[in-house]
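Subject: Structure for your files

Hello,

Here is the structure I said I would pass on. My notes on it follow below.

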Amino acid sequence: MCAERLSFARLLHVAVWLVVPAPALAAAANFEVHPAIVKLAGNFEQAQLVVTELAQPDSSSTVDAQARRADLTAQAEFSSSNTKVVTIDQRGRLLARGNGATTVRVSVPNRGSAATVEVEVTGFTAQPAVNFSERVSPILSKAGCNAAACHASQHGKGGFKLSVFGYDPDEDYLAIVRDRQGRRANLVDPARSLVLLKPTLSIPHGGNRRLAVGSVDYEIIKAWLASGAPRPAAATDPKVISINVFPARRIAGEGASQQLRAEATYADGRKRDVTAWAKFDSMDEGVVLVTPEGRLRTVGRGQGVVMVRFEGQAQLCQVVVPFAEHVKLAGWKNNNFIDELASAKFRELGIEPSPLCDDSTFLRRAFLDAIGTTPSLEEIKAFLASSDPDKRTKLVDRLLGLTGDPAQDIYNNEYSSYWSIKWADLIRSSSATIGEQGMWAMHNWIKESLRVNKPFDQFVRELVTARGSIYRNGPANYFRIASKPDELAEATSQLFLGVRLTCAKCHHHPFEKYGQDDYYGFAAYFSRVGTKTSQEFGIFGREQIILVKSSGDVRHPKSGKTMAPKPLDGDPTAEAVDPRVPLAEWLTSKQNEYFAKNLVNRYVAYLLGRGLVEPVDDLRATNPASNSALLDALAKDIVANDFNVKRLMRTIMTSRLYQLDSQPTESNAADSRFYSHYLVKRLAAEPLLDAIAMVTGVPTKFKNMPLGTRAIELPDAEYQDYFLATFGKPRRASVCECERVPDENLSQALHTLNGDTLAAKIADSKGRIAGMMKRKLPADEAVRELYLVTLARQPSDKELATCQALLKKSPSEQVFYEDLLWSLINSKQFLFIH
Amino acid sequence: MRRVFFFVLATVVAQIASAQDFICYPMINGCQPMAAQIGTTSEHTIDARYGLGGAFEVLVSGAGVTGEVIDNKDKAKADSTFYTKAKLRFAVADDALPGVRDFRVATPQGASTLGQLVIVRDRVVAERAKNDTVATAEVVDVPAAICGTIEKAEDVDFYKFHAVRGMSLVFQVNSARCEDRIHDMQTHVDPILTLRNSQGTVVAMSDNFFRADPLLVHKFDSDGDYFLEIRDVRYQGSPYWQYVIQVHDRPLVTNVMPMALTPGKQRRVEMIGFNLPEKREIEIAVPAELAEGPRWLDLPLKNQPADPVPVVISRLPLVEASGKNLSREAAQSVTAPVGINGRIANDNQMHYFAFDAKKGERFNLTVVARSHESALDPVLSIYNEKGSRLVENDDHSMHRLTNPDAKLVDWSAPADGRYTVELRDLQWQGGPQFVYFLSIEPSEPGFDLEIDGDKAIAGPGGSAVAFVRAYRRGGFTGEIQLSAGGIPDGVVAHCGRILAGESDGCIVFDVPEAMKPMATNLRITGTATDASGKTLTVVGRPWQETYIPGGSRGLWPAEMFTFDVAGPLDITAVSIKPTEITLKPGESKKVEVTIVRAKNFKKNVILDCAYRHGTGGASASPLPTGVTVDDKKSKLQLTGGATSGYLTITAGKDAKPVDKQQVTVLAGVAINFVMKMTYCSQPLTVTISEK
């Protein structure tokens, strides 16, 4: 621009400023556009603009304030200065039209002046070269063609089979271009290709319309065909290494919306807007919904996430819809860091937590949660009578055997028995798979590990690297429960990392970053595990020795390549005599956040009724914790304390959060994720049967176990016990926590109401009621004893009065007490930990 | 009414018992108490399947322990099947070595199978009847050797004792280890020990240390009463699952380093184990008369005696692994013959030794470790100079069992050069208890000799047989002449031979008509001459047979081979005619067999020349190769009280000439699906002439 012209332009500008009404020009734009500069490289490239209000000046620095900013994209008006370079639609989506630079004007009614976005388009050609992997495959994914319900089902659809989520571009290419004599691809007249005619419903298509004629995606496929349908090249095709979602977090009220933008980063560092081809899914449809274009809408209160996927990568946008704007947290006092972080979440979500539970409730809850046992009458009376302000903490220490005084640490047998069930369930210790002696060896190792409070990392190392006799070294049986490298890889990752690798065995995990390379690299750690027989337990002892073979490998099923042992997200491990050793080191490393998070998440679930991540054994970036800060802090804490599980339990059980009443308040009744009230749990099968035995005074006899053996002491899964089976004792066939079903059902209710187990115990001549009759307890005392021993609380005056009235109507005292005990056992207060 | 019931019951039981229509040697199942204290004489009750009636003599392995029968001596033979228990008295000398001894009882029905007795230093405490709960725990003073039985399913035995702070007690169980040689025990115990404090809280536990047997060493941190609990890990039980728990505060030396010692020499060794004195080294004077091989040696600990320790006695030049030989490049140079004492001290450690060999030179490399109480499960490899592994061995066949130690027999050097031996633990583990003895010796012609069975039984006027098998090595193929030492007066032993290149031979013992029942242990040897003219003499090792669940026959090495003259048995004579046959290749000849049955003995009898059990092949057959019994042309089954049959013996067309090979005709009476009561004829000699 020459000097004269510049001078003229300035004059004109001043003139215009003088004649235009002042308010319209005086207000600066009260919003911002993301991104401020757009670069589109090549034909068909698109980009999404997101228009957001500016934060309030006084709160712009806080994360929450940023997240609370309203999305104005839907209200915004967009116009391109040069539609030969770029066009933009009313969604705010740009489309490259030709090489050059231009600007896009963005305005929002009543939000001040317009903003400008600079756009540059390069690489636009008349005959574009379209890369199958980069351009075509994402369209098939977005349209759902390669979903398991469509052409990626086991046998495909209509003879056309694609790989799941496009994990195998070569196979997909062949299916489109070569299969069936190439009838799906017409390279001479691309528009007549079946691959275009079918999804556009130009001819009948069982999957309905998936593509519009003339749409960008249609044109991409057409251009690819027109250019000769070049084959994918695995070695050189661009690889997506991550995606980024904007915004990553949004706090809004119900009915709010937000346009999302997805940007992929390729291995060569290139960034590309992929909003148009990314898949958007709400993971919490009660809180948020999302359109295929990436526009979310809040529909309920709470916390939810939208998952965004593109080419094997996934990322989230967290959406928070507070229950209330302000909460008081009256009387709240932090006992430890758990309470600090829980209360922060309460504030964020506007949830008012319930008050503390009473002593009776806490006593019973702590006993059942810590040692799977109901407290004795003596224990109940002493605890309720105590005025020690620190008695709850002291009780937790006693239950966990942390007082250091053998006279007080008397529950270690129960602790180790109860928690042995949990770990034996998960490890799948069962005589059905590893024989009776193997099962006992495994059980004894687990129990002993718990008894001495073995650090959890050591426990896992011993298991994962176990070798030697299956009788002498219990954990060696881990390699008989599963003996193939792939089975061991899946079990180990799910148990100790909370990572479910199973999908990656055949295809890229749909919600996770892991593919077959990761799967078989991880499986390779177990490739040298072997066995030999031994006669050290006699010539018919059937002893086996787990050993490390001097060779053995795992091959990639597609490439046939020998896989070097490789941790998830890591580099291949250096050659080792026993590859499991470096695996165990990596697995249990303090730097491996999955290991610590998996452990603490499980214990949070066991004690608080729900994991911070659910399902508890499905930790992944796309399944975020309900309170990430708390999960991080707990993980950090257990790492700092050398994976001391009892200490972790103590931390949780002494927190205020654990001690909250299970009765929800009006304001937190809708919450089931943030622990604003204690989540009620049904007693698991074994503790429930033991509790019934304890309150009736009649032990249960189990096959092949001496009388007096408690259900929590049973080492095996193989018991023909109807009660245990009905209440969900698992057969130990799966490493999934879900195998032990915690739900209530009609069979359970019928069994406690009418079944033999309870009726026989109550009426037993050596039972509690018979004993009470012999002791000739006064009526009030007898009623109190029954309430205490079943519910760990005194009867209320009303309950006492009712009992007295019913006693008078009863044919005999014994009948009444039996009926009362039956009623108490069938009450929710007995059947549930509350 | 109750009396009537018991009368009926007793009658039924008697009928069942008398239904046994054959005589069988007793099969010992247990001994209570299972331990005897050094320097004492004690009474014990033994249980057996089949009758102990008339038991008259006790034979005990090793030195320093004698036994006698203190009842059942006079029980009539006819009643023998009723007496499945007998009382014995064992006298243990002051200098007897602690440890497990085999014993057997001689009866008119034949010598019993083996039972086990544990010789202990401490007072023996026998289990009371009811001690199945903490509340009813049996109070014991320690130290003690607690003897009991896990007698039924779900049995748990509790013992209560007092311990003081700072006390370190050893709780060592002998139980499962003592069942290997119990003849007819269908399931074996797997004991587990648990120690509880006065609150009942578990303070320590042990499941397996000495194979299936536990060892628990616990230092008490407070005074108080404690409970010791023992049970089968699966809560199974059996009246014969007996145990000894030795509880004491003395040292328990599990191993010494070096492991191998030279007889007649003084050696300082390091003690490895538990409750050890501060000074871990001790000087040992190794007796000059000790035979080579794995042995147990008493340690000269004065105030706190330990149990004998496992050592290897070797006359090879001994060296110790340097500890720097941890790579092939740093291999320790040795010259065969040599014995190497070493220890895999750490996880992932390997020891290397290098030696020179000429092409075709043969060597035997033998490791003694796990089979003799070391923690090491050795794997042995040989590498050439290029670093290529030529051979590897983990376990090796002990002929009838698998030995967990490594052994390379007759390894031949493929070329002149230097070879490196690598020794490691199978599990790549190491530690103080991972001691070993590795011998590298030039392979020389020789053989091992094993006796199939551990006893030979005959009635007066009858014959008994011992089958002997040779395992050859070092290219030795020569003939082996068998002999038996310790034969009682009046008994004639026909000592056969093992033909050149063959494996089996037999000794037939003829018992005079007038001979009274007796029993004695024999020493059976084989003598041969190798190609250089050197005389080779090898003592045969007996193998106790065991009944394996499912119906097969197991064998376990034993110390005693017993020759037993029983009372009159079911078959008093097996006569053959002729007693010598000569066959040309392709020719067959008939041997008539007549048995003399005892009155009322009607059971089926099976004739054979080979020793067979169950449906498997022959476990011994002294017939020359190519010579067989033609089943189709023989009458081998003597049913319904039949007393005569015949065997047709055929020489194959390729049978090689043999002069008077001794065999015998067996007359077997089935005891069960597998075992037989075996009678035999006087020797039958088989000659194969030239074509």
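A residue is called buried if 20 or more other C-beta atoms lie within 10 Å of its own, exposed if 12 or fewer do, and partly exposed in between. Please keep in mind that this is a predicted model.

Glu320(B) belongs to strand S26 of chain B, which covers residues 318–320. Setting aside neighbours within four places in sequence, the contacts of Glu320(B) are Pro258(B), Asn341(B) and Gly342(B). The C-alpha atom of Glu320(B) is also 5.4 Å from that of Ile340(B), a residue 20 places away along the chain.

On chain B as a whole: 1 helix and 62 strands are assigned. Of its 691 residues, 48% count as buried. Along the principal axes, the C-alpha atoms fill a box of roughly 90 × 75 × 40 Å. Taking contacts between residues at least 6 apart in sequence, 68% of those in chain B join residues at least 24 apart.

Last, the contact between the chains. Chain B contributes 30 residues and chain A contributes 32 residues. On the chain B side, these residues divide into 13 nonpolar, 10 polar and 7 charged.

Regards

Technical notes
Residues are numbered from 1 along each chain as its sequence is written. Chains are lettered from A and ligands numbered from 1 in the order in which they are written. This is a predicted model: local features need pLDDT of at least 70, side-chain atom pairs count only at pLDDT 80 or more; totals for chains, interfaces and linings use all residues. Helices (H or I, at least four residues) and strands (E, at least two) are DSSP runs, numbered from the N terminus. Two residues are in contact if their C-beta atoms, placed from the backbone, lie within 7 Å. Ala, Val, Leu, Ile, Met, Phe, Trp, Tyr, Cys and Pro count as nonpolar, Asp, Glu, Lys and Arg as charged, and the others, Gly among them, as polar.
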